[in-house]
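Subject: Structure for your files

Hello,

Here is the structure we talked about.

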Amino acid sequence: MKVCIIGASGKLGKYMVQHALDRGYEVVGVCRERSVNKLDAFKDRITIIPGATNDREIIKKAVAGCNGILTVLVPWGNQHYSTGTAQAVLNFAPPGARLIFSCGWHITRDGKDVYPPSLQREEKIARWITHIVPFIDLDDQIEACRRIFKSATRWTVVRGSDLEEGESQGLPVWSHHVGDPILASNLTRRVDYALFMVEALTNDALIHEAPAIVGCRAPSALTHAIIH
Ligand SMILES: NC(=O)c1ccc[n+]([C@@H]2O[C@H](COP(=O)([O-])OP(=O)(O)OC[C@H]3O[C@@H](n4cnc5c(N)ncnc54)[C@H](OP(=O)(O)O)[C@@H]3O)[C@@H](O)[C@H]2O)c1
């Protein structure tokens, strides 16, 4: 399998590169020019295409010939960056490719997610702060995902809980809606979020799903274990 990782130099991206290499996949990584050195540990084993991940020509070149595309939807900045990235991937992905996108729990596909008061408060505060200093754009990921959900491509949108660093605990569990009891712990190891993204490439049951994930050893996952 030939896999393109868009946003390869970030924390999630580097874990995805490692998981993909562990599976023997051929990897093409896209990252900002100034971040290329963050991929030094992999430079002899992957192809790196430097450039903005919302640059359509860069994405067109990077995804050519790929069967799988893993895209980090970046929450930073105020340039509609995530929307630009997602649109370019949707436009230029080879027909039939599996497209996996990362985002947060705040994305809802059908409006049936039930958010705990703490998350609602966090979003309100984030919106208030970014109104003054626009360092993140919550609505950009929302627009990016709206376009993905409408697309006829073979997409999966993986909605991450709060993240922590640490050793892998195994493949996270997932549910359709935030608010489902299995997700209550709201914590996943970042390395396992990356694992879920990479595993999704070969899991056709996740096509046209927006799984909300939580660590498989989180208390709520252990209490409410279900098998998908
Ligand atoms: N952090 C969380 O708690 C959390 C929770 C749930 C879901 N998620 C999702 O997980 C994914 C990865 O998030 P992460 O927090 O783990 O961060 P991350 O993997 O470090 O990713 C950040 C990405 O954003 C890029 N970036 C940073 N500043 C930028 C800017 N101003 N303009 C353009 N690109 C910029 C980085 O590129 P460079 O390497 O070039 O800097 C990197 O590719 C995201 O889709 C996020 O929505 C995160």
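Predicted model: local features only at pLDDT ≥ 70, side-chain atom pairs only at ≥ 80, totals over all residues.

His 80 is one, with a phi of about 55°; it sits in the loop that runs between strand 4 and helix 3 (81-92). His 80 has 15 C-beta neighbours inside 10 Å, so it counts as partly exposed. His 208 is another residue that is not a glycine and has a positive phi, near 65°. The loop between helix 6 and strand 10 (212-214) is where His 208 is found. His 208 is partly exposed because 14 other C-beta atoms lie within 10 Å.

Helix 1 and helix 6

Helix 1 has twelve residues, and the distance from its first C-alpha to its last is 17 Å, close to the 16 Å expected at 1.5 Å a residue. Buried in helix 1 are Leu 12, Gly 13, Lys 14, Tyr 15, Met 16, Val 17, His 19 and Ala 20. The cover over these buried residues includes strand 1 (2-6), strand 2 (26-31), strand 4 (68-72), strand 5 (98-104) and helix 6.

How do the axes of helix 1 and helix 6 cross, and at what angle? The axes of helix 1 (residues 11-22) and helix 6 (residues 190-200) come within 8 Å and cross at roughly 55°. Helix 1 is therefore oblique to helix 6. The crossing of the pair is right-handed. On the helix 1 side the contact uses Lys 11, Leu 12, Tyr 15, Met 16, His 19 and Ala 20; on the helix 6 side it uses Arg 190, Val 191, Tyr 193, Ala 194, Leu 195, Met 197 and Val 198. By type, the residues of this contact are ten nonpolar, one polar and two charged.

His 19, which lies in helix 1, can be followed individually. His 19 has 24 other C-beta atoms within 10 Å, so it is buried. Leaving aside residues up to four places away in sequence, His 19 touches Ala 194, Leu 195 and Val 198. From His 19 to Ile 213 there are 194 residues along the chain, and their C-alpha atoms are separated by 18 Å.

Helix 3 and its neighbours

The twelve residues of helix 3 should span 16 Å at 1.5 Å a residue, and the end C-alpha atoms are 17 Å apart, which agrees. Tyr 81, Ser 82, Thr 83, Thr 85, Ala 86, Ala 88, Val 89 and Leu 90 are the buried residues of helix 3. These pack against strand 1, helix 2 (56-63), strand 4, strand 5 and helix 5 (138-150).

Take helix 5 to begin with. Helix 3 packs on helix 5 at about 20°, with the axes 7 Å apart. That angle makes helix 3 roughly parallel to helix 5, and the crossing is right-handed. Helix 3 contributes Tyr 81, Ser 82, Thr 83, Ala 86, Gln 87 and Leu 90, which meet Asp 140, Gln 141, Glu 143, Ala 144, Arg 147 and Ile 148 of helix 5. The residues of this contact divide into five nonpolar, four polar and three charged.

Then helix 2. Helix 2 and helix 3 pack at an angle of about 45°, and their axes are 9 Å apart. Helix 2 is therefore oblique to helix 3, and this crossing too is right-handed. Arg 56, Ile 59, Lys 60 and Val 63 of helix 2 make the contact with Ala 88, Val 89 and Phe 92 of helix 3. Five of the residues in this contact are nonpolar, none are polar and two are charged.

Lastly, Pro 95 lies in the loop between helix 3 and strand 5. Is Pro 95 buried or exposed? Pro 95 counts as exposed, because it has 6 C-beta neighbours inside 10 Å. Pro 95 and Ile 58 are 37 residues apart in sequence, and the distance between their C-alpha atoms is 18 Å.

Regards

Conventions: Residues numbered from 1 in each chain as written. Axes fitted to C-alpha atoms, helices over the stretch in contact; angles between N-to-C directions. Helix = DSSP H or I, 4+ residues; strand = E, 2+ residues; numbered from the N terminus. Parallel < 35°, antiparallel > 145°, perpendicular 65-115°, else oblique. Left-handed = near helix turned anticlockwise from the far one by under 90°. Contact = placed C-beta atoms within 7 Å. Nonpolar A, V, L, I, M, F, W, Y, C, P; charged D, E, K, R; others polar. Expected span 1.5 Å × (residues − 1). Buried ≥ 20, exposed ≤ 12 C-beta atoms within 10 Å, placed from the backbone.
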